[in-house]
Amino acid sequence: MKTVVVIDDSEEDRYLVKRALRRSEVDAKFVEYDSAFSALGDFTDSHRFRENMGAPPPPALVLLDINMPRLGGFEFLERIQAEGVAAGRCVVVMMFTSSNNPSERARAAEFDCVVDYIVKPITAEKIREIAERAEFRSGAVRDQS
Amino acid sequence: MTEKVFGYPRSELVGQPIEKMIPPHLHRKHAVYRSSYVNEPIPRSMGQGRALRGLRADGTEFPVEVALQPVTTGDEQFVICSVLDISERRAAEREIREKNAHLVKLNEELTAFAYSASHDLKAPLATIQGLARCIDEDLTDGVYDDVQKNVRRIEALSEKLSRLVEDVLLTARADRVEMVEESFRIDERVRASLERHVLLQEENGVEVDMSRVPPWAVVSQRERFDSVMDNLISNALRYSDPEKQSKALHVEVKRFEEGILLVVRDNGLGVPEDMRERVFQMFERAHPTVTQGSGLGLALVRKHAARLGGHVELSVEDGWTSFRFYVPLSTEPEEQGDP
């Protein structure tokens with residue numbers, strides 16, 4: 001089973017993801033964090049990571065909000081990249097934001113682990129579409145290991 | 001004319017060396033320039049590209065522009081100097097430079113603002129859009145469990161967005177508008193601000209101590225002072241620590257240099273070290289769990305401080321968060337009796 005992780009400080013936006021996931025009928029475990037800080041602990045500790053996200057393959061999909069208090073989405077990516085998490089456990093990250101700002105798109109594209117840039121609000125169709133791609137991605141990475 | 005510009009009566013100038021009208025620290029160089037001019041006397045302006053200074057009778061210096069015109073009568077060589085006082089022009093140039101620097105800064109702020117607005121103003125709208133779609137789906141499907149909850153969420157988000165827009169306008173206004181100076185009682189303004197937040201204070205169970213706010217009348221921009229008080233007090237109350245048995249907010253006012261120092265201290269959640277500078281920027285919030293804030297309050301406080309010629313500082317020590325707000329005053333605070 002795959003896992004969909006959402007990291008977003010907005011309770012409503014996490015609800016919207018959860019609901020879109022349910023409606024998409026994609027078979028995935030749903031994990032949510034209300035801040036990048038709380039997620040950081042789980043992402044940088046391999047034991048906790050396995051416990052929360054399940055055994056490999058790792059999370060198929062992380063929906064990461066860009067604009068959060070204190071630790072934003074980009075800072076979160078820098079931190080987990082510095083820890084080697086993204087490369088080692090092949091976290092597939094989609095930036096998830098209300099801003100359609102070209103410079104942010106470009107900044108997101110610079111991270112190897114970022115594969116898409118989704119402008120809110122999310123829909124069930126979008127979840128289905130990215131779940132298909134995410135499955136392909138995690139499968140491809142598994143073959144390499 | 002020369003008398004007027006330099007402030008001497010004619011009788012004190014005729015027959016005197018030109019150095020009398022030049023600041024002493026330039027005398028040596030001037031002597032060299034003067035002799036080299038005599039060797040090659042052509043009409044030209046003096047010291048091109050250099051800042052030339054004149055010396056008035058009262059000892060003050062001023063910027064000048066000088067044109068030189070050699071005149072030969074018989075076998076005698078004269079030089080006519082036309083001296084122009086360019087103080088006003090220099091002042092105008094300085095003003096243009098300062099205004100330009102201010103505009104550059106405003107423009108940078110505007111860019112930062114547009115960037116933040118693209119997130120902070122758009123985010124609630126995107127969520128409202130998503131929630132409205134949920135309601136639509138549920139109505140179509142005949143599943144009504146979430147409908148009312150989502151309507152409430154939309155209401156709350158609209159309210160939040162409307163407050164945010166108001167705060168944005170306040171922040172813009174803080175920079176543009178000239179506010180009037182007036183005399184007001186500091187203790188009364190502090191008390192009024194605490195009264196405006198009495199609900200929040202009771203809700204969060206915070207003990208307030210303003211015994212160290214003296215009954216002083218000061219002359220300043222009351223509107224800015226009120227806004228600063230409101231923001232610091234509401235922050236202190238909102239970011240109180242629910243885990244703490246006794247929650248406290250202390251307001252203190254004392255003399256500091258040529259003005260006053262206002263201190264607002266609380267034993268609440270504090271500000272993490274990495275956020276202590278960032279909290280003063282627009283749309284920055286330190287605590288994910290406290291969501292009522294627009295992230296503009298402290299940016300506004302800093303703007304007010306700058307417009308009043310003062311500044312604001314944040315420190316966190318032994319579980320106490322202190323905001324220190326320095327305001328210079330043009331007149332001494334006046335001690336007032338009890339009203």
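A:Asp8 is buried, its relative accessible area being 0%, where buried stands for under 20% relative accessible area with a 1.4 Å probe and protein chains only. The model is predicted, so that local features need pLDDT of at least 70 and side-chain atom pairs count only at pLDDT 80 or more, while totals for chains, interfaces and linings use all residues. Residues are numbered from 1 along each chain as its sequence is written, chains are lettered from A in the order in which they are written, and side-chain values use heavy atoms, with hydrogens and water left out.

A:Asp8 sits in the loop between strand S1 (2-7) and helix H1 of chain A, both elements being DSSP runs numbered from the N terminus (H or I, at least four residues, for helices; E, at least two, for strands). Its side chain makes a polar contact with the side chain of A:Lys120 at 2.8 Å, and a polar atom of the A:Asp8 side chain lies 2.8 Å from the backbone nitrogen of A:Ser10. A polar contact is a pair of N or O atoms within 3.5 Å; within protein, one must be able to donate a hydrogen and the other to accept it, and residues adjacent in sequence count only if both atoms are side-chain atoms.

Turning to the interface, 23 residues of chain A are in contact with 28 residues of chain B, contact being heavy atoms within 4.5 Å. Across this interface the rule finds six salt bridges, each a side-chain nitrogen of Lys or Arg within 4 Å of a carboxyl oxygen of Asp or Glu. B:Asp141 forms a salt bridge with A:Arg23, with the closest N and O atoms 3.2 Å apart.

Key. Buried < 20%, exposed > 50% of the residue type's maximum accessible area, 1.4 Å probe, protein only.
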